[in-house]
Amino acid sequence: MSTGWGAPDTAPTRLVLLRHGQTPLSVEGRFAGRGDIPLTEEGRAQAGAAARRLAERPIDAVVSSPLLRARDTAALAARELGLPVEVDEGFVETDFGAWEGLTFAEARERAPEAVDRWLADPEVGPPGGESFAAVARRVEKARDALVGRHRGRTVLVVTHVTPIKLTVQQAVLAPLAALYRMHLDTACLTEVDVFSDGPMVVRSLNDTAHLDRVRDRAGRGGPERA
(Lines give C-alpha, C1' and ligand atoms only; values in the text may rest on other atoms or scores of the structure.)
Protein backbone atom coordinates (compact mmCIF):
# COMPACT_ATOMS: atom_id res chain seq x y z
CA MET A 1 0.00 0.00 0.00
CA SER A 2 1.25 3.45 -0.87
CA THR A 3 1.91 5.79 2.06
CA GLY A 4 1.26 8.90 0.00
CA TRP A 5 4.76 10.22 0.71
CA GLY A 6 6.18 9.20 -2.66
CA ALA A 7 5.70 10.87 -6.02
CA PRO A 8 1.92 10.72 -6.68
CA ASP A 9 0.02 11.53 -9.85
CA THR A 10 0.50 15.05 -11.09
CA ALA A 11 -3.25 15.30 -11.78
CA PRO A 12 -5.43 13.58 -9.18
CA THR A 13 -9.17 13.33 -9.52
CA ARG A 14 -10.54 16.07 -7.28
CA LEU A 15 -13.87 15.46 -5.57
CA VAL A 16 -15.61 18.66 -4.48
CA LEU A 17 -18.27 17.34 -2.11
CA LEU A 18 -21.22 19.65 -1.50
CA ARG A 19 -23.80 18.84 1.13
CA HIS A 20 -27.31 19.87 0.06
CA GLY A 21 -28.89 23.01 1.52
CA GLN A 22 -31.04 23.25 4.61
CA THR A 23 -34.27 21.23 4.86
CA PRO A 24 -37.07 21.25 7.45
CA LEU A 25 -35.59 18.09 9.00
CA SER A 26 -32.04 19.44 9.21
CA VAL A 27 -33.33 22.51 11.07
CA GLU A 28 -34.80 20.24 13.75
CA GLY A 29 -31.92 17.75 13.81
CA ARG A 30 -34.04 14.83 12.58
CA PHE A 31 -32.95 11.69 10.74
CA ALA A 32 -33.25 12.49 7.04
CA GLY A 33 -32.53 9.46 4.91
CA ARG A 34 -34.45 8.40 1.83
CA GLY A 35 -37.39 10.76 2.39
CA ASP A 36 -37.66 13.11 -0.58
CA ILE A 37 -37.89 16.34 1.39
CA PRO A 38 -37.46 19.78 -0.25
CA LEU A 39 -35.08 22.59 0.60
CA THR A 40 -36.30 25.40 2.81
CA GLU A 41 -36.17 28.97 1.54
CA GLU A 42 -32.90 29.39 3.43
CA GLY A 43 -31.69 26.09 2.00
CA ARG A 44 -32.18 27.44 -1.52
CA ALA A 45 -30.29 30.59 -0.54
CA GLN A 46 -27.46 28.43 0.81
CA ALA A 47 -27.41 26.37 -2.38
CA GLY A 48 -27.33 29.54 -4.45
CA ALA A 49 -24.40 30.89 -2.44
CA ALA A 50 -22.51 27.64 -2.93
CA ALA A 51 -23.30 27.71 -6.66
CA ARG A 52 -21.94 31.23 -7.06
CA ARG A 53 -18.75 30.28 -5.26
CA LEU A 54 -18.33 27.15 -7.35
CA ALA A 55 -18.80 29.16 -10.56
CA GLU A 56 -15.30 30.53 -9.93
CA ARG A 57 -13.83 27.00 -9.99
CA PRO A 58 -12.66 24.92 -13.00
CA ILE A 59 -15.18 22.10 -12.45
CA ASP A 60 -15.55 19.49 -15.20
CA ALA A 61 -18.64 17.52 -14.15
CA VAL A 62 -21.56 17.62 -11.70
CA VAL A 63 -22.84 14.46 -10.01
CA SER A 64 -25.84 14.33 -7.67
CA SER A 65 -27.62 11.98 -5.33
CA PRO A 66 -31.08 11.16 -6.72
CA LEU A 67 -32.90 12.75 -3.77
CA LEU A 68 -34.77 16.03 -4.34
CA ARG A 69 -32.79 18.10 -1.82
CA ALA A 70 -29.52 17.14 -3.52
CA ARG A 71 -30.84 17.46 -7.08
CA ASP A 72 -32.22 20.94 -6.41
CA THR A 73 -28.89 21.99 -4.88
CA ALA A 74 -27.00 20.48 -7.80
CA ALA A 75 -29.25 22.17 -10.36
CA LEU A 76 -28.28 25.63 -9.11
CA ALA A 77 -24.57 24.82 -9.28
CA ALA A 78 -24.90 23.16 -12.69
CA ARG A 79 -26.67 26.24 -14.06
CA GLU A 80 -23.83 28.50 -12.90
CA LEU A 81 -21.25 26.10 -14.33
CA GLY A 82 -23.07 25.44 -17.61
CA LEU A 83 -22.91 21.68 -17.05
CA PRO A 84 -25.47 18.86 -17.00
CA VAL A 85 -26.22 16.92 -13.81
CA GLU A 86 -25.35 13.22 -13.68
CA VAL A 87 -27.51 11.39 -11.10
CA ASP A 88 -25.70 8.61 -9.21
CA GLU A 89 -27.66 6.30 -6.90
CA GLY A 90 -24.45 5.35 -5.09
CA PHE A 91 -24.30 8.75 -3.36
CA VAL A 92 -27.80 8.60 -1.87
CA GLU A 93 -28.15 9.10 1.90
CA THR A 94 -28.36 6.26 4.42
CA ASP A 95 -31.73 4.55 4.72
CA PHE A 96 -32.68 5.25 8.35
CA GLY A 97 -35.68 2.94 8.19
CA ALA A 98 -38.08 3.29 11.12
CA TRP A 99 -36.15 6.30 12.44
CA GLU A 100 -36.78 8.49 9.39
CA GLY A 101 -38.07 11.87 10.56
CA LEU A 102 -37.30 11.24 14.24
CA THR A 103 -34.81 13.06 16.42
CA PHE A 104 -32.09 10.99 18.06
CA ALA A 105 -33.85 11.44 21.42
CA GLU A 106 -37.15 10.20 19.97
CA ALA A 107 -35.47 7.15 18.45
CA ARG A 108 -33.78 6.33 21.75
CA GLU A 109 -37.05 6.76 23.65
CA ARG A 110 -38.85 4.37 21.28
CA ALA A 111 -36.10 1.77 20.88
CA PRO A 112 -33.21 2.29 23.31
CA GLU A 113 -31.66 -1.14 22.76
CA ALA A 114 -31.79 -0.78 18.99
CA VAL A 115 -30.08 2.61 19.20
CA ASP A 116 -27.35 1.21 21.46
CA ARG A 117 -26.71 -1.68 19.04
CA TRP A 118 -26.57 0.78 16.13
CA LEU A 119 -24.04 2.99 17.93
CA ALA A 120 -21.90 0.03 19.00
CA ASP A 121 -21.65 -1.84 15.70
CA PRO A 122 -21.39 -0.22 12.24
CA GLU A 123 -22.73 -3.45 10.69
CA VAL A 124 -26.06 -2.88 12.49
CA GLY A 125 -28.62 -0.61 10.86
CA PRO A 126 -31.77 1.04 12.21
CA PRO A 127 -34.88 -1.19 12.11
CA GLY A 128 -35.69 -1.65 8.42
CA GLY A 129 -32.73 0.54 7.45
CA GLU A 130 -29.14 0.46 6.27
CA SER A 131 -25.99 0.04 8.35
CA PHE A 132 -23.10 2.50 8.06
CA ALA A 133 -20.86 -0.40 7.00
CA ALA A 134 -23.22 -1.15 4.11
CA VAL A 135 -23.28 2.53 3.14
CA ALA A 136 -19.48 2.61 3.30
CA ARG A 137 -19.23 -0.24 0.80
CA ARG A 138 -21.78 1.42 -1.46
CA VAL A 139 -20.05 4.81 -1.38
CA GLU A 140 -16.62 3.30 -1.98
CA LYS A 141 -17.94 1.46 -5.04
CA ALA A 142 -19.64 4.62 -6.35
CA ARG A 143 -16.51 6.69 -5.75
CA ASP A 144 -14.26 4.22 -7.56
CA ALA A 145 -16.65 4.13 -10.52
CA LEU A 146 -16.86 7.94 -10.61
CA VAL A 147 -13.07 8.26 -10.56
CA GLY A 148 -12.88 5.72 -13.37
CA ARG A 149 -15.25 7.85 -15.46
CA HIS A 150 -13.61 11.19 -14.67
CA ARG A 151 -9.97 10.39 -13.96
CA GLY A 152 -7.81 13.48 -13.57
CA ARG A 153 -10.80 15.84 -13.60
CA THR A 154 -12.52 17.97 -10.95
CA VAL A 155 -15.98 16.65 -10.12
CA LEU A 156 -18.65 18.33 -8.00
CA VAL A 157 -20.56 15.67 -6.04
CA VAL A 158 -23.76 16.96 -4.42
CA THR A 159 -24.74 14.54 -1.70
CA HIS A 160 -25.49 14.07 2.00
CA VAL A 161 -23.84 13.92 5.41
CA THR A 162 -23.05 10.20 5.49
CA PRO A 163 -21.49 9.80 2.03
CA ILE A 164 -19.30 12.87 2.62
CA LYS A 165 -18.17 11.70 6.04
CA LEU A 166 -17.45 8.24 4.67
CA THR A 167 -15.33 9.65 1.86
CA VAL A 168 -13.26 11.57 4.42
CA GLN A 169 -13.09 8.55 6.76
CA GLN A 170 -11.83 6.35 3.94
CA ALA A 171 -9.34 8.98 2.79
CA VAL A 172 -7.65 9.22 6.20
CA LEU A 173 -7.88 5.45 6.88
CA ALA A 174 -9.90 6.07 10.05
CA PRO A 175 -12.31 3.56 11.63
CA LEU A 176 -16.01 3.92 10.92
CA ALA A 177 -16.47 5.31 14.43
CA ALA A 178 -14.82 8.48 13.09
CA LEU A 179 -18.19 9.36 11.56
CA TYR A 180 -19.38 10.34 15.04
CA ARG A 181 -16.46 12.79 15.37
CA MET A 182 -17.23 14.94 12.32
CA HIS A 183 -19.71 17.77 11.89
CA LEU A 184 -20.95 18.97 8.50
CA ASP A 185 -23.14 22.03 8.05
CA THR A 186 -25.77 22.24 5.34
CA ALA A 187 -24.33 23.49 2.02
CA CYS A 188 -20.75 23.00 3.21
CA LEU A 189 -17.89 22.08 0.88
CA THR A 190 -15.35 19.32 1.47
CA GLU A 191 -12.55 18.46 -0.96
CA VAL A 192 -10.73 15.16 -1.43
CA ASP A 193 -8.06 14.34 -4.01
CA VAL A 194 -7.98 10.75 -5.30
CA PHE A 195 -4.68 9.57 -6.79
CA SER A 196 -4.60 6.69 -9.26
CA ASP A 197 -1.83 4.95 -7.32
CA GLY A 198 -4.05 4.59 -4.26
CA PRO A 199 -3.89 7.40 -1.70
CA MET A 200 -6.61 9.95 -1.06
CA VAL A 201 -5.86 13.34 0.46
CA VAL A 202 -8.34 15.57 2.31
CA ARG A 203 -7.84 19.18 1.23
CA SER A 204 -10.67 20.80 3.20
CA LEU A 205 -13.57 19.87 5.47
CA ASN A 206 -16.87 21.67 6.23
CA ASP A 207 -15.94 24.87 4.41
CA THR A 208 -18.84 27.33 4.82
CA ALA A 209 -17.18 30.65 3.91
CA HIS A 210 -19.72 31.21 1.13
CA LEU A 211 -22.58 31.13 3.66
CA ASP A 212 -21.54 34.24 5.59
CA ARG A 213 -23.95 36.52 3.72
CA VAL A 214 -26.77 34.00 4.06
CA ARG A 215 -26.23 33.89 7.82
CA ASP A 216 -26.11 37.67 8.05
CA ARG A 217 -29.37 37.97 6.16
CA ALA A 218 -30.99 35.38 8.43
CA GLY A 219 -29.70 37.16 11.54
CA ARG A 220 -27.68 34.20 12.73
CA GLY A 221 -24.18 34.53 14.02
CA GLY A 222 -22.93 30.95 13.63
CA PRO A 223 -23.30 27.78 11.60
CA GLU A 224 -26.44 25.70 11.77
CA ARG A 225 -26.40 22.81 14.15
CA ALA A 226 -27.51 19.85 12.02
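## Strands and their partners

In this predicted model, V192 has V202 as its bridge partner in β6.

## How enclosed is β4?

Is strand β4 (residues 154–159) largely enclosed or open? Six of its six residues are buried, so the rest of the structure largely encloses the strand. In a regular strand, side chains alternate between the two faces of the sheet. Both faces of β4 are covered: T154, L156 and V158 are buried on one side, and V155, V157 and T159 are buried on the other.

## Two buried threonines

T73 sits in helix α3 (residues 68–81) and counts as buried because its relative accessibility is 1%. A polar atom of the T73 side chain lies 2.8 Å from the backbone oxygen of R69. Not counting residues up to four places away in sequence, T73 touches L18, R19, H20, G21, L39, A47 and V158.

T40 is in the loop between α1 (24–27) and α2 (41–54). With 16% relative accessibility, T40 falls under the 20% cut-off, so it also counts as buried. What does the T40 side chain reach at 2.9 Å? That would be the backbone nitrogen of G43. The T40 side chain also makes a polar contact with the side chain of Q22, at 2.6 Å. Leaving aside neighbours within four places in sequence, T40 is in contact with Q22, T23 and P24.

## Salt bridges

The structure holds 14 salt bridges. One of them joins E106 and R30, with the closest N and O atoms 2.8 Å apart. This pair links distant parts of the chain, as E106 is in helix α4 (residues 104–110) and R30 is in the loop between α1 and α2, 76 residues apart. E106 counts as partly exposed at 26% relative accessibility, and R30 counts as partly exposed at 24%.

R149 and D88 meet through their side chains in a salt bridge, at 3.4 Å from N to O. R149 lies in helix α6 (residues 132–149) and D88 in the loop between β3 (85–87) and α4, so the pair ties together parts 61 residues apart in sequence. R149 is partly exposed, with a relative accessible area of 39%, whereas D88 is buried, at 13%. Then there's E123 with R137, a side-chain salt bridge at 3.3 Å, N to O. E123 is in the loop between α5 (112–120) and α6 while R137 is in helix α6, so this pair ties together parts 14 residues apart in sequence. Both ends are partly exposed, E123 at 47% relative accessibility and R137 at 48%. Elsewhere, salt bridges that share partners join R14, R57, E191, D193 and R203 into one network.

Which residues make the nonpolar surface patch of about 240 Å²? They are F104, L119 and Y180. Y180 is in the loop between α7 (161–171) and β5 (189–194), and it counts as partly exposed at 35% relative accessibility.

Definitions and conventions: Residues numbered from 1 in each chain as written. Predicted model: local features only at pLDDT ≥ 70, side-chain atom pairs only at ≥ 80, totals over all residues. Heavy atoms only, no water. Patch = residues over 30% accessible without salt bridge, like charges linked within 9 Å, V, L, I, M, F, W, Y side chains within 5 Å. Areas by Shrake-Rupley, 256 points an atom, 1.4 Å probe, with all protein chains shown as cover. Salt bridge = Lys/Arg side-chain N within 4 Å of Asp/Glu carboxyl O. Helix = DSSP H or I, 4+ residues; strand = E, 2+ residues; numbered from the N terminus. Buried < 20%, exposed > 50% of the residue type's maximum accessible area, 1.4 Å probe, protein only. Polar contact = N/O pair within 3.5 Å; in protein donor to acceptor, adjacent residues only side chain to side chain. Contact = heavy atoms within 4.5 Å. Pairing = 2+ DSSP bridges.
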